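Keep the structure open beside you as you read.

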Amino acid sequence: MLHIGCHLSASKGYYAMGKAALSIGADTFQFFTRTPRGSRAKPLDLNDAQKLNELAAENHFAVLLAHAPYTINPCSANEDTRTFARETMQDDLKRLEATPHNLYNFHPGSHLQKISPERSLDLIAESINIALDKTRGVTAVIENKGTEVGSHFEELREILNRVTLSDHMGVCLDTCHVFDAGYDIVNDLDGVLAEFDRVIGLNRLKAVHINDSIF
């Protein structure tokens, strides 16, 4: 079954996002866990989260997609930057336990050619392992990024292979980023999906971004 949603503002809270999704005929949505280009997160309102859980159950919502801020970079050569990424991921996942069985979408980051590609894969997986080990009920999904680590399916597979709790991991495929990375989704979409299935497996595909819509 196809589930369709879009990115919604979290400024008015969880329940307001659920109502907004229903108003446009969506049965899922994406939202930022905190300021997308900063570090602040709003205080968690457990009552508001529970109202969304009840609304989602009543209306048979699909899983929701929470997007990490753009500022995290778990494979940075700078230790402080990596620490910030790990702490943010851990905090986000703990907060998402209030709306369980949903997805946490994040960009793998960029090594900026300051560390080896192999080392960057290890660091990304290490951050994921630490975050997942401290939470339950949330699946983390790596979003492919056209010009960063994870631009090609093989890199995503290598990260997934390094994650201990592999049943709590998946991939969010962004069509714009896939195209930027050189995959011809315009003329050979079936071929690209077949390549994804060969390298990673379609069972790992948890969400698809098409111009900020979610499928």
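Predicted model: local features only at pLDDT ≥ 70, side-chain atom pairs only at ≥ 80, totals over all residues.

N102 sits in strand β4, which covers residues 102–106. With a relative accessibility of 10%, N102 counts as buried, since buried means under 20%. Setting aside neighbours within four places in sequence, the residues in contact with N102 are V63, L64, G137, V138 and T139.

Now let's turn to charge. Side chains of opposite charge can pair when their charged atoms come close. Across the whole structure, a search finds nine salt bridges. One of them joins D91 and R34, with N to O at 2.6 Å. D91 belongs to helix α3 (residues 79–96), while R34 is in the loop between β2 (28–32) and α2 (46–58), so this pair ties together parts that lie 57 residues apart in sequence. D91 is partly exposed at 35% relative accessible area, whereas R34, at 9%, counts as buried.

Another salt bridge links R162 to D122, their closest N and O atoms being 2.7 Å apart. Here R162 comes from helix α5 (residues 153–162) and D122 from helix α4 (residues 117–133), so the pair ties together parts 40 residues apart in sequence. Both count as partly exposed, R162 at 21% and D122 at 31%.

E158 and R157 also meet through their side chains in a salt bridge, at 3.6 Å from N to O. Salt bridges with shared partners join E118, D122, R157, E158 and R162 into one network.

Methods. Residues numbered from 1 in each chain as written. Heavy atoms only, no water. Helix = DSSP H or I, 4+ residues; strand = E, 2+ residues; numbered from the N terminus. Buried < 20%, exposed > 50% of the residue type's maximum accessible area, 1.4 Å probe, protein only. Contact = heavy atoms within 4.5 Å. Salt bridge = Lys/Arg side-chain N within 4 Å of Asp/Glu carboxyl O.
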